[in-house]
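Biologist: I'm new to this one. Can you put it up and walk me through it?

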Amino acid sequence: MRYLDNAATTPVRREVLEAMTPYLTSHFGNPSSHHTIGEQAARALADARARIAAVLGMRSTDIVFTSGATEANNLAIKGVAIAAQQRRGARHIVTTPIEHESVLASIDYLVRIHGFDASLVPVDATGRVDPTAVADALRDDTAIVSIGYANNEIGTVQDVAGLVRAVGGRAPLHLDAVQAAGWLPLAATGADAVSIAGHKIGAPKGIGVLGIRARIPLEPVLHGGGQERERRSGTENVAGAVGLARALELAESERASGAARVAAMRDELITGVLERIPVARLTGHPMHRLPGTASFTFAGVNGETVLLELERRGLVTSSGSACAAGSDEASHVLLALGVPPDQARTAVRVTFGHDAEGSVAPIVDAIEAAVAAVRSGV
Ligand code: PLP
């Protein structure tokens with residue numbers, strides 16, 4: 001099987017597993033314990049925090065360990081919004097309609113339960129949001145602007161520098177950088193908060209980070225023992241934190257060369273599919289896209305059926321979001337791009353990892369054969 005669904009998750013890298021193993025076995029302490037075993041774990045956690053902060057261009061005190069990016073996004077959005085509501089009566093949030101469910105559902109919660117208004121600034125047909133439109137949506141009572149650095153379904157990369165300039169410090173800017181991590185620069189984006197998930201970059205599932213400037217008031221979502229400087233209670237996943245630090249450092253050191261190499265494979269795939277399959281349409285931006293992501297619609301075929309045909313031919317791919325996989329609902333991302341619902345249900349996404357290798361030609365052949373098989377009802 002050739003695994004081409006790296007936007008959903010990635011295998012744990014050997015170096016990451018090796019870095020983690022002592023903290024799952026001999027160095028198993030609770031970092032809050034006041035004895036040598038606990039202090040050993042606390043030192044490892046502090047070291048991981050500093051290394052992650054360095055990659056993100058932040059300070060150690062800005063790093064909050066979470067269980068993943070769903071939690072990081074919930075904490076960023078609910079935590080900043082509720083703190084701003086209490087302190088300065090803020091009650092407005094700015095985002096786009098193509099965000100991950102963990103962003104949109106957090107905002108929906110604030111609208112339903114805490115009386116917030118949300119402005120969903122439209123994106124163009126390629127999935128890009130105009131920074132000027134984001135600036136126009138800002139109000140005096142805007143609590144937070146939350147925008148995905150790069151989209152998980154279509155791979156479109158936003159103009160982050162333009163967004164930072166447009167928002168201009170009038171409200172904290174949060175970036176969901178889950179899909180950008182390992183492909184795009186994370187330091188010096190100018191954003192106030194970033195979410196990262198370990199399992200997308202060769203660390204395990206169940207560890208993530210919210211990097212958030214310590215000066216930004218943050219109301220916790222999880223209450224308890226007051227870990228993470230009172231911002232996220234719960235015994236820290238020390239091994240996960242150590243693994244995430246190692247994975248982020250590796251990804252950062254390999255980023256430039258890996259991105260160029262994988263982007264060449266992606267472009268060969270996109271060109272081949274568009275040339276050979278007349279009904280194929282590329283979704284997302286033709287240039288501003290993640291190096292590993294190729295996403296298409298194939299008019300007249302059911303995307304889920306194509307995925308099954310591809311798996312029979314040895315390729316594991318996806319229709320888009322792993323959360324929505326298997327459901328018959330059209331993707332909210334594609335609908336927001338203006339793709340008609342019938343066509344949106346034909347989506348197929350191929351996502352390479354950093355370690356992608358092998359020829360692209362057999363992937364194009366398999367997609368052509370799978371689409372033909374579904375179209376002919378064979
Ligand atoms: N944000 C984006 C853009 C994602 O792609 C994902 C995972 O698919 C998440 C957030 C959620 O991350 P996690 O799986 O760590 O909860």
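Modeller: Start at the ligand: an oxygen atom of it is 2.8 Å from a polar side-chain atom of glutamine 179. That is a polar contact, a pair of N or O atoms within 3.5 Å. This is a predicted model, where local features need pLDDT of at least 70, side-chain atom pairs count only at pLDDT 80 or more, and totals for chains, interfaces and linings use all residues. Residues are numbered from 1 along each chain as its sequence is written, and side-chain values use heavy atoms, with hydrogens and water left out.

Biologist: How many residues surround the ligand, and which are the closest?

Modeller: The ligand is surrounded by 13 residues. Thr70, Asp176, Gln179, His199 and Lys200 are the closest. A residue counts as near if one of its heavy atoms lies within 4 Å.

Biologist: Switching to helices. At what angle do H1 and H7 cross?

Modeller: Roughly 160°, and their axes come within 8 Å. H1 covers residues 14-24, and H7 covers residues 238-276. Helices here are DSSP runs (H or I, at least four residues), numbered from the N terminus. Axes are lines fitted to C-alpha atoms over the stretch in contact, and angles run from 0 to 180 degrees between N-to-C directions.

Biologist: Which way does H1 run relative to H7, then?

Modeller: That angle makes H1 roughly antiparallel to H7, a label for angles over 145 degrees. The crossing is right-handed, meaning the near helix is turned clockwise from the far one by less than a right angle.

Biologist: Which residues of H1 make the contact?

Modeller: Glu15, Val16, Ala19, Met20, Tyr23 and Leu24. On H7, the partners include Val238, Arg246 and Leu250. Contact means heavy atoms within 4.5 Å.

Biologist: And how do H8 and H11 pack?

Modeller: At about 125°, with axes 9 Å apart. H8 is residues 303-312 and H11 is residues 361-375.

Biologist: Which residues of H8 meet H11?

Modeller: Thr305, Val306, Glu309 and Leu310. Ala366 and Val374 are among those they meet in H11.

Biologist: Last one: at what angle do H7 and H11 pack?

Modeller: About 35°, with their axes 9 Å apart. This crossing is right-handed.

Conventions:
Helix = DSSP H or I, 4+ residues; strand = E, 2+ residues; numbered from the N terminus. Parallel < 35°, antiparallel > 145°, perpendicular 65-115°, else oblique. Polar contact = N/O pair within 3.5 Å; in protein donor to acceptor, adjacent residues only side chain to side chain.
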